[in-house]
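Here is a short briefing to read with the model open beside you.

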Amino acid sequence: MRVLFVCAGNICRSPMAEFFFRRLAESRPGLDHVEVASAGTIALDGNRPLSPCVTIMRDEFGVDMSSHRARRLRQGLEAELVLTMDPMVTHQVDALGVKGRVRMLGEYAEPAGEIVEDPHGGSDEDYRECAAQIERLVTNLANRLEAEAAAGAAPSPE
């Protein structure tokens, strides 16, 4: 199964989600079946992640995402589950015709329909809060995918 996290620039939110998921998957055999990646609807291929993201992820969450390089979401990029960060990105993904089930991470991981706001240009605290929110949502996502795999079910559309 392939999961694709998508934000606007692929230099903050979606790579944080990708790297949090990768860390979780290392210690959870129930996630062996999941491939994860990230992209951005307006990303410039090759851009490095934002410095505050790299620093906060490393220093406060123990996750090194410094190797990440942005990639633009293009038609033809496919995943069974495409998880966006906010409604605008969801609309952009739909407009591109990306194949797969497209949902906001905060809808799929939690039924509340939570939006992950873009901290770009904000304070370190904005980045910290964003990272904590994404870590929580990705943990909920991992729990859901593990439970679905254990039950022998495909990820549910809701």
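What covers the buried residues of α5? The cover includes β1, α1, α2, β3 and α4. Please keep in mind that this is a predicted model. The notes below begin with that helix, move on to the cores, and then visit a loop residue and a pair of strands.

**Helix α5**
- The buried residues of α5 are Tyr-127, Cys-130, Ala-131, Gln-133, Ile-134, Leu-137, Val-138, Leu-141, Ala-142, Arg-144, Leu-145 and Glu-148.
- With 27 residues at 1.5 Å a residue, α5 should span 39 Å, and this agrees with its end C-alpha atoms, which are 39 Å apart.
- After α5 comes Gly-152, which has a positive phi, near 75°.

**The nonpolar cores**
- The largest nonpolar core holds 41 residues, and Phe-5, Met-16, Phe-21, Leu-105, Val-138, Leu-141 and Leu-145 have the most contacts inside it.
- Two or more residues of this core come from each of β1 (2–7), α1 (13–26), α2 (51–61), β3 (78–84), α4 (105–108) and α5 (124–150).
- Of these elements, α5 gives the largest share, 9 residues.
- Leaving aside residues up to four places away in sequence, Met-16 touches Cys-53, Met-57, Met-65, Cys-130, Ala-131 and Ile-134.
- Another core, of 12 residues, lies apart from the largest one, and its members include Ala-37, Ala-39, Ala-79 and Val-93.

**Asn-10, a loop residue**
- You will find Asn-10 in the loop between β1 and α1.
- Is Asn-10 buried or exposed? Its relative accessible area is 0%, which is under the 20% cut-off, so Asn-10 counts as buried.
- The side chain of Asn-10 reaches the backbone nitrogen of Arg-71 at 2.9 Å.
- Residues touched by Asn-10, not counting those up to four places away in sequence, are Pro-15, Ser-38, Ala-39, Gly-40, Ala-43, His-68, Arg-69, Ala-70 and Arg-71.
- One of these, Ala-39, is also among the residues of the 12-residue core.

**Strands β3 and β4**
- β3 and β4 (residues 99–104) run parallel and are joined by 5 bridges.
- Across from Leu-83 stands Arg-103, in β4.
- Together with helix α3 (residues 87–96), the strands β3 and β4 make a β-α-β unit, and this unit is right-handed.

Technical notes: Residues numbered from 1 in each chain as written. Predicted model: local features only at pLDDT ≥ 70, side-chain atom pairs only at ≥ 80, totals over all residues. Heavy atoms only, no water. Core = buried A, V, L, I, M, F, W, Y, C linked by side-chain atoms within 4.5 Å. Buried < 20%, exposed > 50% of the residue type's maximum accessible area, 1.4 Å probe, protein only. Helix = DSSP H or I, 4+ residues; strand = E, 2+ residues; numbered from the N terminus. Contact = heavy atoms within 4.5 Å. Polar contact = N/O pair within 3.5 Å; in protein donor to acceptor, adjacent residues only side chain to side chain. Pairing = 2+ DSSP bridges. Right-handed = clockwise from strand over helix to strand, strands pointing away. Expected span 1.5 Å × (residues − 1).
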